[in-house]
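Colleague: Could you take me through the next model feature by feature, giving the general idea before each particular case?

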Amino acid sequence: MRSKVVAGNWKLNGSLAGNESLLKALLREIPRDNPVACVVCVPSPYLAQVRALLEGAGIAWGAQDVSRFDHGAYTGEVSAPMLVEFGCRYVLVGHSERRTIFGESDAIAAQKYVAARKAGLTPIFCVGETLEERDRGETQAVLARQVDALLQAYGAVGLERGVIAYEPVWAIGTGKTASAAQANEAHAFIRARIGAKDAQVAARLPIVYGGSVKAANAAEIFAMPDVDGGLVGGASLVAEEFVAIWRAALGR
Ligand code: PEP
């Protein structure tokens with residue numbers, strides 16, 4: 001059976017006081033041992049605070065980006081070994097906001113994935129098509145290109161202990177959600193693409209859905225056979241919403 005993951009992406013949000021009250025609210029509801037990984041991906045300056053609040057609890061934490069380099073003259077970068085020092089277990093890689101706003105290419109995203117895995121982190125590798133690409137019938141071609149960059153950089157075995165997030169760009173932060181069937185179709189395509197290289201790795205790989213997941217739509221999406229949880233942006237900033245989404249993933 002595949003493991004399931006519900007990860008919150010706080011994006012560029014947070015404050016010391018706000019983080020503390022959000023995390024304390026989550027800690028009241030998320031048990032220490034649970035079958036669905038619950039993760040918060042926070043802005044890097046808050047990692048020490050998050051570690052202090054979550055250490056030993058049932059919520060893991062991570063960052064939203066990682067350098068492809070381990071150390072050196074790369075001003076502004078944060079490396080995977082540094083994230084490990086702050087207790088991170090997860091890191092988002094290749095989020096569409098990194099790809100579109102900051103010009104991150106498929107190849108760079110794949111290199112970041114490799115850097116994260118080499119440091120022992122679980123990368124959550126984000127893929128997904130824009131609305132224009134979907135309208136042109138290019139969804140599968142885009143997903144294939146993004147996944148193939150990863151397979152070329154690291155091989156199918158390198159995807160072990162990773163997570164893929166299918167996040168249609170048109171659904172992120174827009175309130176529009178892919179239908180459960182659309183999400184499952186994309187997840188099944190991604191799984192088959194990886195399965196053509198290594199069936200066992202593909203069968204075990206968690207593929208989560210992201211794009212305006214809310215308490216109101218999570219259960220329907222998470223019930224699909226190829227959907228193994230969610231990557232949650234806006235709704236992860238509201239404790240009751242995030243807990244309800246995490247509970248929806250428990251329901252399968
Ligand atoms: C995200 O940031 O990855 C995301 C899916 O955002 P939202 O849930 O707000 O659409």
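Colleague: How should I read a nonpolar core, and which residues have the most contacts inside the largest one?

Modeller: A nonpolar core is a set of buried Ala, Val, Leu, Ile, Met, Phe, Trp, Tyr and Cys residues joined through side-chain atoms within 4.5 Å, where buried means under 20% relative accessible area, exposed means over 50%, and partly exposed is what lies in between (1.4 Å probe, protein chains only). In this structure the largest such core has 68 residues, and Val40, Ile164 and Phe222 are those with the most contacts inside it. Helix α11 (residues 239-250) gives this core its largest share, seven residues, helices (H or I, at least four residues) and strands (E, at least two) being DSSP runs numbered from the N terminus. Apart from this core lies another one of 13 residues, including Val5, Cys41, Val208 and Leu231.

Colleague: Before we go on, what kind of model is this, and how are its residues and atoms treated?

Modeller: It is a predicted model, in which local features need pLDDT of at least 70 and side-chain atom pairs count only at pLDDT 80 or more, while totals for chains, interfaces and linings use all residues. Residues are numbered from 1 along each chain as its sequence is written, and side-chain values use heavy atoms, with hydrogens and water left out.

Colleague: Which residues is valine 40 in contact with, once its neighbours within four places in sequence are left aside?

Modeller: Contact means heavy atoms within 4.5 Å. By that criterion valine 40 is in contact with Gly8, Trp10, Leu23, Leu26, Val50, Leu54, Ile59, Ala60, Trp61, Gly62 and Phe242.

Colleague: Which atoms lie 2.8 Å from an oxygen atom of the ligand?

Modeller: A polar contact is a pair of N or O atoms within 3.5 Å; within protein, one must be able to donate a hydrogen and the other to accept it, and residues adjacent in sequence count only if both atoms are side-chain atoms. At 2.8 Å from a ligand oxygen there is an N or O atom in the side chain of lysine 11, and a polar backbone atom of glycine 233 is likewise 2.8 Å from an oxygen atom of the ligand. For glycine 234, a backbone N or O atom lies 2.9 Å from a ligand oxygen. Taken alone the ligand exposes 290 Å², of which the protein buries 95%, accessible areas coming from the Shrake-Rupley method with a 1.4 Å probe, and for residues only the protein chains shown counting as cover.

Colleague: What should I look for in backbone phi, and what is the value at lysine 11?

Modeller: Most residues other than glycine have a negative phi, and most peptide bonds are trans. Lysine 11, in the loop between β1 (4-9) and α1 (16-29), has a positive phi of about 55° although it is not a glycine. Serine 212, in the loop between β7 (207-210) and α10 (215-222), also has a positive phi of about 55°.

Colleague: Is serine 212 buried or exposed, and what does its side chain reach?

Modeller: Serine 212 counts as buried because its relative accessibility is 15%. Its side chain reaches the backbone oxygen of alanine 171 at 2.7 Å, and, leaving aside neighbours within four places in sequence, serine 212 is in contact with residues including Gly173, Lys176 and Asn217.

Colleague: Where is alanine 110 found, and is it buried or exposed?

Modeller: Alanine 110 is found in helix α5 and is buried because its relative accessibility is 1%. Beyond four places in sequence, alanine 110 is in contact with Phe125, Ala149, Leu150 and Ala153.
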